[in-house]
Amino acid sequence: MDFPLLVFFTALALLVLSTWVGDALRRRAGVPKEESRSDTGLLLSATLTLLFLIIGFSFSMALSRYDLRKNCEQAEAIAIGTAYTRADLLVPADAAKVQTLLRKYLDQRVLFYTTRNPGRVSEINADTVRFQTDLWSIIRPAIAAVPPPLMGLLVSGVNDVVNSQRSTQAAWLNRIPVAAWVLMAAIGIGCCWLIAYRARQTDWLAFLVVPIAVSVSLFLIADLDSPRGGAIRVAPQNLSSISQSMPPQ
């Protein structure tokens, strides 16, 4: 579901096709009797209610995941900025190494949020892990020169940098389950078929209301749920702000 526009057009095509099939079957079978229309009317009302209830819950899930990604970006910026400041606790030579490495690490995190190329993301993740390893390799021997009361601050600062990146990784992998998409599609197809089948006459202006409404809703959910493919994405504003606030090398 990383292509919201594809979700929109696919959903619209399937729902319109379902409506056309329902309308064709109705015209072949004749106008349903009022008793049958009454029964199917109750079924249609219940099914439409279920459909838009599931869509509402899915939208809420997608929105909460989008907010989580924003919060993770903010947490990463705070952790990197804190670690950069606490690096001054080291001797000047080691502090310069750590701060230079954190600048490069910060550039990689900004790229992680801005790139859309899946292949590039794999390279960024590999570079991120490498920078984390290099950071600890510098901290371990250098921390011996730090007074014991301040060791904890320095170690916890670097640890927060690593943990915040892992939290971001987990948040970006947390997506709406495929089963929820299948359920919404199946119920939507059934609703559109039933609307056309129980109609008294062919009225495509009325028939298209539900397909368009459902397709737009699914598009918005997919856009919010897709970290890279949608138009609504988390911009690394806090990370960029931290980068600009750091003194030039």
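1. Helices (H or I, at least four residues) and strands (E, at least two) are DSSP runs, numbered from the N terminus. On a 1 Å grid over the protein atoms alone, a cavity is a set of points where a 1.4 Å probe fits but cannot get out, and a pocket is an open set with protein on both sides within 12 Å along at least five of seven lines; lining residues have an atom within 4 Å of a point. The model is predicted, with local features needing pLDDT of at least 70 and side-chain atom pairs counting only at pLDDT 80 or more, while totals for chains, interfaces and linings use all residues. Residues are numbered from 1 along each chain as its sequence is written, and side-chain values use heavy atoms, with hydrogens and water left out.

2. Searching the whole structure gives 1 cavity of 30 Å³ or more. The volume of the largest cavity is about 40 Å³, a volume being the space filled by probe spheres set on the points, with grid points joined across faces, edges and corners. Its lining consists of Ala83, Arg86, Ala87, Val98, Leu102, Leu135, Ile139, Leu154, Gly157 and Val158. Two or more of the lining residues come from each of helix H2 (34–86), helix H3 (92–114), H4 and H5. The most is given by H5, with 3 residues.

3. By class, the lining of the largest cavity comprises 8 nonpolar, 1 polar and 1 charged residues. In this classification Ala, Val, Leu, Ile, Met, Phe, Trp, Tyr, Cys and Pro count as nonpolar, Asp, Glu, Lys and Arg as charged, and the others, Gly among them, as polar.

4. The largest pocket. This pocket holds about 320 Å³ of space and has 15 lining residues, of which Asp2, Trp172, Arg175, Pro227 and Arg228 lie nearest its centre. The elements giving two or more residues to the lining of the largest pocket are helix H4 (118–142) and helix H5 (148–173). The lining of the largest pocket divides into 7 nonpolar, 4 polar and 4 charged residues.

5. Arg109 belongs to helix H3 and Glu76 to helix H2, and the two are 33 residues apart, so that the pair links distant parts of the chain. Arg109 and Glu76 are both buried, that is, under 20% relative accessible area, whereas exposed means over 50% and partly exposed in between (1.4 Å probe, protein chains only).

6. Glu123 forms a salt bridge with Arg120, with 3.2 Å between the closest N and O atoms. These two residues, Glu123 and Arg120, are 3 residues apart in helix H4, about one turn of the helix. Glu123 is partly exposed because its relative accessibility is 46%, and Arg120 is partly exposed at 29%. The side chains of Arg130 and Asp127 also meet in a salt bridge, at 3.5 Å from N to O. Arg130 and Asp127 likewise lie in helix H4, 3 residues apart, about one turn of the helix. Arg130 is partly exposed, with a relative accessible area of 42%, as is Asp127, with 22%.

7. The nonpolar surface patch. Leu17, Trp20, Val21, Leu25 and Trp193 make a nonpolar surface patch of about 440 Å². Patches consist of residues with over 30% relative accessible area and no salt bridge, like charges being joined within 9 Å and nonpolar side chains (Val, Leu, Ile, Met, Phe, Trp, Tyr) within 5 Å. Accessible areas come from the Shrake-Rupley method with a 1.4 Å probe, and for residues only the protein chains shown count as cover. Helix H1 (residues 4–29) supplies the largest share of the patch, 4 residues. Trp193 lies in helix H6 (residues 178–197) and counts as partly exposed because its relative accessibility is 31%.

8. Met184, in helix H6, is buried, with a relative accessible area of 1%. Met184 and Ser58 are separated by 126 residues in sequence and by 9.3 Å in space, C-alpha to C-alpha. Pro236 occupies the loop between helix H8 (209–225) and helix H9 (237–245) and counts as buried at 9% relative accessibility. Between Pro236 and Glu76 there are 160 residues of sequence separation and 9.8 Å in space, C-alpha to C-alpha.

Conventions:
A salt bridge is a side-chain nitrogen of Lys or Arg within 4 Å of a carboxyl oxygen of Asp or Glu.
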